[in-house]
Amino acid sequence: MNDIVLFTTTVFLGFFAMLNPIGNTPIFISMVGDADNKIIRMVAFRAVLLSFILITIFSLFGHLIFKMFGITLPAFQIAGGIIVFFIGYDLLQGKEAGAHHSKRKLTIKSYEDMAISPLGIPLLSGPGTISTAMNFVGAGKQFSYTIIIIVVFGIVCAITFLMFIMSRKIASKISPSLIKVISRIMGLILAVIAIQMIINGILNVIHQNKLM
Amino acid sequence: MKDVLLYGLTVFVAFFGISNPINKVPIILSIVKEVTDPRLERKVAFKSVLVAYVIVAIFSIAGHLIFKMFGITLPAFQIAGGLIIFVVGFNLVMQDSSIQKPHKKKGEQLATKIEDYAISPLGIPLITGPGTIAVAMGFIGENLTIENTIVVNIAFALICGITYFMMIYSKQLSKKLSPNLMVVISKVMGLILTVIAIQMIIKGTCVLIQQYHQLI
């Protein structure tokens, strides 16, 4: 039982750092601009839904994808770790990471398109989020763990959705410098999670091939 | 005759597994997604397949000689190939492709760039990777007979043909997909490409360590 609680907490923290609702809310505000509440609701819902669907697909069928491309979990851990590390590093430096954030140029894109890209992917569900989810799936031994991952991701998605909807109110209360601080802490956490992923990957390789 | 057929089938299946034309297609697509001219498209597809075939042909005949001549080993080839693919995948993942801008580069410049892509990374190491070369060399073995060499070449030519048609056909299919979906596919494929790359590096490193253990 203790295991499950610990696992759930780890997954929650990992996803929370990756989706970064607090850091992404200001981006969301700047993107929707002064659209009315209905549109804000629609955009937020679509973006979060897309992100949730993508992660669910990867959590459930990840192993099939592995087989199809002839890749193994350790390889995914190492590659994902490298990508997540750079996202975290950019956050820590106060830059917007290419894979996670994208330059928000307000072109004449319809709000629907905006919800899918860049909001849904790669802002919410970037390769980093997918890697994180797949790594958790690999770490959990039973199928019930996969369900935990999906449920937890659903909860984080719901939090993000709520933050997006109430973004205007929140933005007026939290100072920009606090958002920056939180962003940087998230970046540090991401960088550490990333290195942990790489370490796990390397250890797995050594175990699987009985190299030591 | 039966033996030769069976041998050919085995080689074909091995090539198909390792050079897997089906799973390469989305990866290839995300690399050449900027191409709009159908003639250039065909040219790129043909060139990449041709490069892939020629390389396998050369290695199937003189592979052992080449490796000896340059003093290189298969693990080195795997690790180098893995590094190259990783950078390609990493750039796909990290690039800002959220809004597909029409390419501002002049048509000619873009064409040369895309044609360069046809050779590397498309032709080598994606279609013909270290694995493909290993299969070609492994099946022929140290003592190469003419029959074996011919069978290996025909088998790989078939694979190249399949890859070519899959590339052309799926490019047409991808035009019907929305740009947003293509962004999603491109990012995910970039991610998978980096994983394939690390997998190659792991394989190479494992072989290295095993060789090292045998030495002591």
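How many aromatic pairs does the structure hold over all chains? There are 15 of them, counting Phe, Tyr and Trp rings (Trp by its six-membered ring) whose centres lie within 6.5 Å. This is a predicted model, where local features need pLDDT of at least 70, side-chain atom pairs count only at pLDDT 80 or more, and totals for chains, interfaces and linings use all residues. Residues are numbered from 1 along each chain, chains are lettered from A, and side-chain values use heavy atoms, leaving out hydrogens and water.

One of those pairs joins Phe12(A) and Phe16(A), with 5.8 Å centre to centre and 25 degrees between the planes. The pair counts as stacked because its planes are under 30 degrees apart. Phe12(A) and Phe16(A) sit four residues apart in helix α1 of chain A, so about one helical turn separates them.

Now for the neighbour of that helix. The axes of α1(A) and α6(A), lines fitted to C-alpha atoms over the stretch in contact, come within 10 Å and cross at roughly 170 degrees. That makes the two helices roughly antiparallel (over 145 degrees).

Here is who meets whom, with contact meaning heavy atoms within 4.5 Å:

| Helix | Residues in the helix | Residues in contact |
|---|---|---|
| α1(A) | 2-19 | Phe7(A), Thr10(A), Val11(A), Gly14(A), Phe15(A), Met18(A), Leu19(A) |
| α6(A) | 127-139 | Gly128(A), Thr129(A), Thr132(A), Ala133(A), Phe136(A) |

By class, this contact has seven nonpolar, five polar and no charged residues, with Gly counted as polar.

Notes. Axes fitted to C-alpha atoms, helices over the stretch in contact; angles between N-to-C directions. Parallel < 35°, antiparallel > 145°, perpendicular 65-115°, else oblique. Phe/Tyr/Trp six-rings, centres within 6.5 Å; stacked < 30°, edge-to-face > 60°.
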